[in-house]
Amino acid sequence: MKRTDGRTAKLAEALLPALSIVIFLLLWELVVRWRGIAPIYLPAPTSIALQMWQMIAGGSLEFHLGVTLLRIFAGFFVAAISGIALGLLMGMSRIVSRIADIWIAALYPLPKISLIPLLIIWLGTGESYRIVISAITAFFPIVISTYAGIRQADRGLIKAAEDLGANARQIQFKVVIPAAMPSILSGLQLGMGVTIILIVAAEMIGGSSQSGMGYLLISSGQVMETEKVFASLVVLAVMGAAIMKLQQWVDRRIAPWVAHDNR
């Protein structure tokens with residue numbers, strides 16, 4: 001009996017997020033219909049769903065979403081490789097740490113979106129500036145988290161490895177880096193979040209390439225197509241959630257001990 005009750009409770013807990021979404025959409029639909037709110041201000045969920053289906057059938061949604069995803073992963077890949085590499089070097093070398101620390105302290109608080117006009121001057125309005133601005137923004141949380149994870153590695157484990165005869169290279173790769181993985185993975189998650197934000201923002205600003213979810217959002221808003229704006233926002237929300245869940249799945253495969261610690 002207790003086992004059945006436990007399963008029922010777990011099932012109810014698993015269904016709660018979906019149920020809350022359904023209730024929210026129903027209330028939204030009822031309020032819009034009941035109050036007679038004009039679609040230009042707040043369309044009903046059914047109207048948004050119909051608009052989304054038309055965008056999918058026409059192929060525009062898939063095209064813009066695919067372009068945005070390519071830009072997101074390109075910017076994130078550059079930031080991840082360079083950020084982790086510098087963070088590891090800073091954690092392993094006092095000289096590198098002292099040199100890089102002043103630059104990070106000066107540049108990290110700078111609003112990265114303010115660099116867009118300068119990057120457009122330097123790189124033009126093509127793909128380069130979008131990827132560079134997102135990579136720059138994601139770079140800082142990744143390098144800072146990586147460096148912090150290396151510096152916070154358990155000294156007891158390092159001492160035990162030394163007592164067992166491990167050399168410096170073995171200690172770094174067998175003890176320090178695995179111990180720093182929770183911090184590194186957290187930095188990657190933060191980096192992915194800001195990469196998504198900056199790519200969409202850069203697409204909204206415009207340029208020679210009229211593509212991407214940000215462009216779709218701003219162009220729809222300019223002609224007052226509110227249903228298309230909401231449909232684009234829904235797709236962006238689902239895309240962001242899917243990317244984050246995919247990243248968590250990859251994290252569990254790369255470092256299963258981190259997933260165990262976070263449960």
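Me: How should I read the packing of helix 4 against helix 6, and at what angle do their axes cross?
Reply: Two packed helices are described by the angle between their axes and the distance between the axes. In this predicted model, the axes of helix 4 and helix 6 come within 12 Å and cross at roughly 140°. That makes helix 4 oblique to helix 6, because angles under 35 degrees count as roughly parallel, over 145 as roughly antiparallel, 65 to 115 as roughly perpendicular and the rest as oblique. Axes are lines fitted to C-alpha atoms, for helices over the stretch in contact, with angles from 0 to 180 degrees between N-to-C directions. Helices here are DSSP runs (H or I, at least four residues), and strands are E runs of at least two, numbered from the N terminus.

Me: Which residues of helix 4 and helix 6 make the contact?
Reply: Contact means heavy atoms within 4.5 Å. Helix 4 contributes Ser97, Ile104 and Leu107, and helix 6 brings Phe140, Val143, Ile144 and Tyr147.

Me: Before we go on, what should I know about numbering and confidence?
Reply: Residues are numbered from 1 along each chain as its sequence is written, and side-chain values use heavy atoms, with hydrogens and water left out. As the model is predicted, local features need pLDDT of at least 70 and side-chain atom pairs count only at pLDDT 80 or more, while totals for chains, interfaces and linings use all residues.

Me: How many helices and strands does the chain have?
Reply: There are 11 helices and 0 strands.

Me: Which residues touch the most other members of the largest nonpolar core?
Reply: A nonpolar core is a set of buried Ala, Val, Leu, Ile, Met, Phe, Trp, Tyr and Cys residues joined through side-chain atoms within 4.5 Å. Buried means under 20% relative accessible area, exposed over 50%, partly exposed in between (1.4 Å probe, protein chains only). In this 45-residue core, they are Leu61, Ile72 and Leu188. Helix 8 gives the most to this core, with 12 residues. Not counting residues up to four places away in sequence, Ile72 touches Met192, Thr195, Ile196, Ile199, Met239 and Ile243.
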